[in-house]
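Hello,

I am passing a structure on to you, and my notes on it follow below. Please have a look at it first and then read on.

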Amino acid sequence: MSRKQRALILAGGGYVASSWEIGVITGMADEGLDLRDANLFVGTSAGARVAIDLTSGRSLKEIYKQRIAPGGPSLERSSQVDWARIRAGVDGARQSGGSPTEILQRYGQLALEVGAGIASDRREAVASQLSSQVWPEQRMLIPVVNAETGQRCTFDRECGIDLVDAVIATTSSFGSPPVFFKDHHYIDGGYYSSDNADLAIGYERVLILALRSPPQAMRVVPVEAGVEALRAAGAQVDVIHPDEETMAALAPTGGQMNPASGKPGAIAGRLQGQRCANEHLRSFWRSVH
């Protein structure tokens with residue numbers, strides 16, 4: 001197998017997702033399986049921060065240590081938004097039916113309406129959280145949604161957007177303003193899919209790290225659809241979700257957007273990574289010589 005045919009998909013899901021993913025990858029490295037040699041990284045929402053961590057040149061030990069440190073990465077101030085209005089708007093957008101693009105166009109309109117009254121002060125906080133503010137040499141895609149058209153798009157180092165702004169866009173939920181770039185506004189790519197795994201079509205082996213989406217998830221395309229598309233295109237696909245031990249460790253943390261979930265998420269993820277770095281996964285990821 002060509003060494004240019006491995007893709008690592010890092011799904012979104014707030015503090016839990018990013019910390020758990022770093023933990024899993026660190027635990028695998030403990031057992032001699034290093035995923036940082038992927039040829040493609042797809043990082044959605046919180047997963048984009050992980051992709052930047054992995055391509056930054058920093059050691060996994062240092063990155064993991066930051067995740068379990070008191071307070072974890074510096075936190076953004078939360079916005080005061082009318083979540084009842086947003087939930088009703090999202091439900092209405094989905095119930096009106098249509099294609100994912102049509103549903104997301106309604107999401108985008110809602111995001112523009114809600115975001116119009118929120119001050120955009122995230123840049124400094126987001127920049128301080130990133131391991132690097134420069135696009136890496138390794139190929140990395142950051143999915144976003146065009147708020148005006150509802151189209152799922154991707155940012156990469158060739159498109160001209162600053163890496164910090166790309167991360168702000170893919171983490172732009174209804175609680176923060178959309179990012180304006182080249183005449184359009186962009187919001188969280190997780191509204192299309194928490195993982196956007198289909199962006200790895202064309203790669204031979206694809207490994208997906210993703211939380212299990214809750215019933216109330218706002219994404220319109222589930223991870224199963226991406227897996228199906230990849231396999232239909234001839235890819236070998238493996239998906240890692242939090243296992244029972246990890247779920248038990250995360251249960252008391254108060255939800256994926258709670259900063260307090262970062263440390264237990266990373267610790268549980270590392271233990272899971274050590275457990276799952278078995279011969280099957282080694283054979284799946286490593287090149288055949």
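Tyrosine 186 counts as buried, because its relative accessibility is 9% (buried means under 20% relative accessible area, exposed over 50% and partly exposed in between, with a 1.4 Å probe and protein chains only). Before going further, please note that this is a predicted model, in which local features need pLDDT of at least 70 and side-chain atom pairs count only at pLDDT 80 or more, while totals for chains, interfaces and linings use all residues. Residues are numbered from 1 along each chain as its sequence is written, and side-chain values use heavy atoms, with hydrogens and water left out.

Back to the rings. Searching the whole structure turns up five aromatic pairs (rings of Phe, Tyr and Trp, the last by its six-membered ring, pair if their centres lie within 6.5 Å; planes under 30 degrees apart are stacked, over 60 edge-to-face and the rest tilted). One of them joins phenylalanine 155 and phenylalanine 181: the ring centres are 5.6 Å apart and the planes stand at 85 degrees, so this pair is edge-to-face. It links distant parts of the chain, as phenylalanine 155 is in strand E4 (residues 152–155) and phenylalanine 181 in strand E5 (residues 179–181), 26 residues apart. Strands here are DSSP runs (E, at least two residues), numbered from the N terminus.

Phenylalanine 155 is buried, with a relative accessible area of 3%, and phenylalanine 181 is buried at 15%. Phenylalanine 155 also pairs with tyrosine 186: their ring centres are 5.2 Å apart and their planes at 70 degrees, so this pair is edge-to-face too. Since tyrosine 186 lies in strand E6 (residues 184–188) and phenylalanine 155 in strand E4, the pair ties together parts that are 31 residues apart in sequence.

Elsewhere, ring pairs link Tyr107, Phe174 and Tyr191 into a cluster.

Two arginines deserve a look as well. The charged end of arginine 152 sits over the ring of tyrosine 192, 4.4 Å from its centre, and that of arginine 270 sits over the ring of tyrosine 64, 4.6 Å from its centre (a charge sits over a ring if NZ of Lys or CZ of Arg is within 6 Å of the ring centre and within 35 degrees of the ring normal).

Happy browsing!

Definitions and conventions:
Helix = DSSP H or I, 4+ residues; strand = E, 2+ residues; numbered from the N terminus.
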